[in-house]
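Please keep the model open beside them while going through the points.

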Amino acid sequence: MSAFGSDLVKVDNNTLNEIRNSLDIVDVISSYLKLTSKGKNYFGVCPFHDDHSPSMSVSKERQIYTCFSCGATGNVFKFIQDYENISFMEAVKKCADMAGIYVEVGQVKKNNKYQDLYDIYSLSQKFYQNNINTQLGKKAKEYLHSRFIDDNVIKEFGIGLSLNNKDGLTKLLKSKKYIDSSLIDSGLVNENNYELNDVYRNRIMFPLHDLNGNVIGYNGRVYNGEKENKYINSKETKIFKKRNLLYNYHKAKEEVRKLHEVIIMEGPMDVIRAYTIGVKNCVATLGTAFGLEQAMLIRKLSDNVILCFDGDEAGLKATKGAIIELTKLGITPRIVRLENNSDPDEYIINNGASTFKDRINNPMNLMEFKEKLLHAEYNLNNTEELAKYINNMIDEINKIDDDILKEVTINKLSKETGVAVDLIKSKISKKNVKIEVKKKNDSKLDKYIKSERNLVYYMLQSSDVIKMYQKKITHMPTEKYRQLAFQISQFYKNNGFINYADFVTYLSDDDTSLNTLGEILSLTLNNDINYDEVEDYLNNIREYNEKEQSKIYKNKLKQEFDYKKKLELANKAIEIKKRSESYDR
């Protein structure tokens, strides 16, 4: 392992330290997540697991983050690497750009077992894009132009064309020596009577990308009045899982971070249409119900969310489903409902850019949306139904965390129904929002495991403890603690100091040790080091090693028949036992 990761090219340790020291981890993570100050640290909802309450701690002093629930741990490099799903060196480059430091990282290595599929899709997109720019693509372009999609937008979104040819793409891919099974696995080619043919024919091809911008699927649309399914979406493959993706995510994320707002739509054409009028912070679902995985992707972008699904009943159902998934993660979306069952694409064409932007700039808050739904459900002129309406509204008010919004909604409900404010308030529950730090249950751990964990914890705090470890411990019983203790010792040997944030960088390509580090840093131990306790940890570990050695010699003794060797083994076992017993005194 190199000092700071195996994929470094031209960035030395000093430069890495300079980049990291130039950034404040609280500022960096705050640009991605909402953090709340509590004591010396900041807390936020962890983006690396299905977190419902703030369990990620960010330390300004140590310049690291730690999730007390899932154990995710790292510095600014590690956070950006995992959050954006990019390589370590790409994260370093992003941090360097933030810090205003020039670095040359060279070519980032790729090592993907599905690389053939990525390459097949990359080649297919070039093929489709070339088709649309030939004479054979003239009608497809005319159709797009009639839909106000000009050549710049066609190029921007990589839109292409599959020709009315049964095996044009198949022949190209076979000429590049891709094996038949890879072509079929890609979903671009099918097999019929032992013959391979193209899946997409005579369709405008809208490429679908993964989170990093790689083409991994298509949305193929008819354009010439064909009596076929309007769209054919790619089947799921080893690299294309709809529930883990959102259309345009890779392009929208920078715009979302600038505007601190993301708009969720239903289809690619809605997103593309919005882009043509300068609304570029949009993503879309891919023909599936909006699920928890997609909600977690949205949370990575922003907690300021607008839902703008189609205006029909299906769109209303999709809106309700998205609200459920987003609120599970603590996100309260705002909602735009378009008239006349329109989707955003149709609405912009029929009503104009300024009208659509006005709707986006004035969305309903969640309570207004729910109130509108309840209004439609109940007859407020009927006393019993009015009572049901009020009780349902009180249930919804109970879910509001914003005290001002809660007060406004109560007063509005009172004015609307004639029920006294005090009576409504008497039905409202008192809710206290707490930041919960889940403590590990150590009661079932024996003293040896506790000693290993606590020793490693204090090795991270003090070079003196590292020296005590180096002098007195030759072997840590548990492999993961042994590995981490060794890495700490090596870091100190190489650098002459121990520093949390730099040590995380040192472990950048050692996921096992990083996971163990997260476990260790989530311990709630006193940071004031008691060296007598450290001596106890060392003695406990040595005692364990001696007992294990004693067992080994006893087993050898049972199996040995030579008297002289048996006597040697017995003496060795007695000597080890005496040393072991000395630790108890």
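1. The largest pocket has a volume of about 1,600 Å³. A pocket here is an open set of points on a 1 Å grid over the protein atoms alone, where a 1.4 Å probe fits, with protein on both sides within 12 Å along at least five of seven lines, and lining residues have an atom within 4 Å of a point; points are joined across faces, edges and corners, and the volume is the space filled by probe spheres set on them. Of the 46 residues that line this pocket, Leu329, Gly330, Ile331, Thr332 and Asp401 are the closest to its centre. At least two lining residues each come from strand S2 (41-44) and from helices H10 (249-259), H12 (292-301), H13 (313-328) and H16 (366-377).

2. This is a predicted model, in which local features need pLDDT of at least 70 and side-chain atom pairs count only at pLDDT 80 or more, while totals for chains, interfaces and linings use all residues. Residues are numbered from 1 along each chain as its sequence is written, and side-chain values use heavy atoms, with hydrogens and water left out.

3. The chain has 26 helices and 15 strands, taken as DSSP runs (H or I, at least four residues, for helices; E, at least two, for strands) numbered from the N terminus. Of its 585 residues, 49% count as buried, meaning under 20% relative accessible area with a 1.4 Å probe and protein chains only. Among contacts (heavy atoms within 4.5 Å) between residues at least 6 apart in sequence, 65% join residues at least 24 apart.

4. How many aromatic pairs does the chain hold? The count is 19, where rings of Phe, Tyr and Trp (its six-membered ring) pair if their centres lie within 6.5 Å, with planes under 30 degrees apart stacked, over 60 edge-to-face and the rest tilted. One of them joins Tyr32 and Phe79 edge-to-face, at 5.6 Å centre to centre and 70° between the planes. Because Tyr32 lies in the loop between helix H2 (25-30) and strand S1 (36-38) and Phe79 in helix H3 (residues 76-83), this pair ties together parts that are 47 residues apart in sequence.

5. Lys300 lies over the face of Tyr83, at 5.4 Å from the ring centre; the rule asks for NZ of Lys or CZ of Arg within 6 Å of the ring centre and within 35 degrees of the ring normal. Lys251 lies likewise over the face of Phe157, at 5.2 Å from the ring centre.

6. The 17 residues of helix H22 (residues 479-495) should span 24 Å at 1.5 Å a residue, and the end C-alpha atoms are 24 Å apart, which agrees; the expected span is 1.5 Å times one less than the number of residues. Buried residues of H22 include Tyr481, Leu484, Phe491 and Tyr492. Their cover includes helices H20 (447-459), H21 (463-472), H23 (500-506) and H24 (511-521). Just after H22, Gly496 takes a positive phi of about 80°.

7. H24 is mostly covered, with eight of its 11 residues buried, among them Leu514, Leu517, Glu519 and Ile520. What covers the buried residues of H24 includes strands S4 (64-67) and S5 (73-74), as well as H3, H20, H22 and H23.

8. Asp345, in helix H14 (residues 344-351), is buried, with a relative accessible area of 4%. Leaving aside neighbours within four places in sequence, Asp345 is in contact with Arg147, Met269, Asp270 and Arg273.

Technical notes. Buried means under 20% relative accessible area, exposed over 50%, partly exposed in between (1.4 Å probe, protein chains only).
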